[in-house]
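Thanks for making time this morning.

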Amino acid sequence: MNSQFGIANVWIQGDFVTRFVAVLLLAMSLASWIVIIIKALDIWRFKKDAKVARDFWHSEDFAAGMTKLGSDPSNPFRILALEGREATAHHRNTQAHLHDSLDVSDWVTRCLRNCIDEFTARLQSGLAILASVGSTAPFIGLFGTVWGIYHALVAIGTSGQSTIDKVAGPIGEALIMTALGLAVAIPAVLGYNALVRGNKSILNGLNSFAHDLHAYFVTGARVSTHGETGKVLPIKKG
């Protein structure tokens with residue numbers, strides 16, 4: 001039997017429950033693919049920002065570095081640099097709040113960490129949808145199969161015909177629901193794993209950039225993470 005006609009027959013011959021399960025699986029599939037596409041585009045854009053951020057430390061001063069980072073307000077590296085600059089300026093120019101009893105290193109660390117935490121929450125938004133779809137779609141499809149088999153057996157019992165040609169069609173059509181559940185779950189699971197790996201790469205780069213920013217705002221120099229241990233790379237403050 002052609003699968004296209006099988007799916008059509010499931011919809012035509014199925015009752016309300018079968019159709020509801022089919023629509024639910026379709027909605028879950030659409031939701032997971034929308035999340036995968038949107039988050040994949042975000043990761044691709046953030047990786048481009050990470051490559052640009054590597055040139056930040058080759059600038060003559062902070063203002064030139066900010067120019068290299070561009071003007072995109074959603075660039076996490078730009079946001080982090082601005083947050084570090086504002087935190088340093090606030091700490092040095094005001095002494096009216098309790099948090100100003102912290103030294104500049106602790107205060108800049110706290111502000112940069114808060115900024116990274118906010119970006120991490122934004123980066124991971126939507127992944128719960130993929131996790132939910134990947135874990136529940138097979139069972140929803142299995143439920144549709146069980147209900148479809150039950151519905152088919154009731155119809156066969158009512159008609160009094162239980163030959164193999166009468167049983168194979170309805171049972172085979174019911175089993176399509178299991179295949180649909182797997183077809184929805186597998187892309188969601190693979191997409192979730194790929195996005196988690198991509199997010200981890202972005203966050204590693206952002207944490208490294210924040211480490212260098214902390215050293216720059218506190219000491220006036222970037223601590224090199226390559227080559228000689230403890231080497232600092234000066235950059236003029238702008």
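Followed along the sequence, the protein runs α-α-α-α-α-α-α-β-β, which amounts to seven helices and two strands, where helices (H or I, at least four residues) and strands (E, at least two) are DSSP runs numbered from the N terminus. Please keep in mind that this is a predicted model, in which local features need pLDDT of at least 70 and side-chain atom pairs count only at pLDDT 80 or more, while totals for chains, interfaces and linings use all residues. Residues are numbered from 1 along each chain as its sequence is written, and side-chain values use heavy atoms, with hydrogens and water left out.

Of the 238 residues in the protein, 37% are buried, meaning under 20% relative accessible area, with exposed set at over 50% and partly exposed in between (1.4 Å probe, protein chains only).

Now to the rings: those of Phe, Tyr and Trp (its six-membered ring) pair if their centres lie within 6.5 Å, and planes under 30 degrees apart count as stacked, over 60 as edge-to-face and the rest as tilted. That rule gives nine aromatic pairs. One of them, Phe56 with Phe209, is edge-to-face, at 5.5 Å centre to centre and 80 degrees between the planes. Because Phe56 sits in the loop between helix H2 (16-53) and helix H3 (62-69), and Phe209 in helix H7 (residues 164-219), the pair ties together parts 153 residues apart in sequence. Phe56 is buried, at a relative accessible area of 0%, and Phe209 is buried as well, at 5%. Ring pairs also link Phe56 and Phe209 with Trp57, Phe77, Tyr216 and Phe217 into a cluster.
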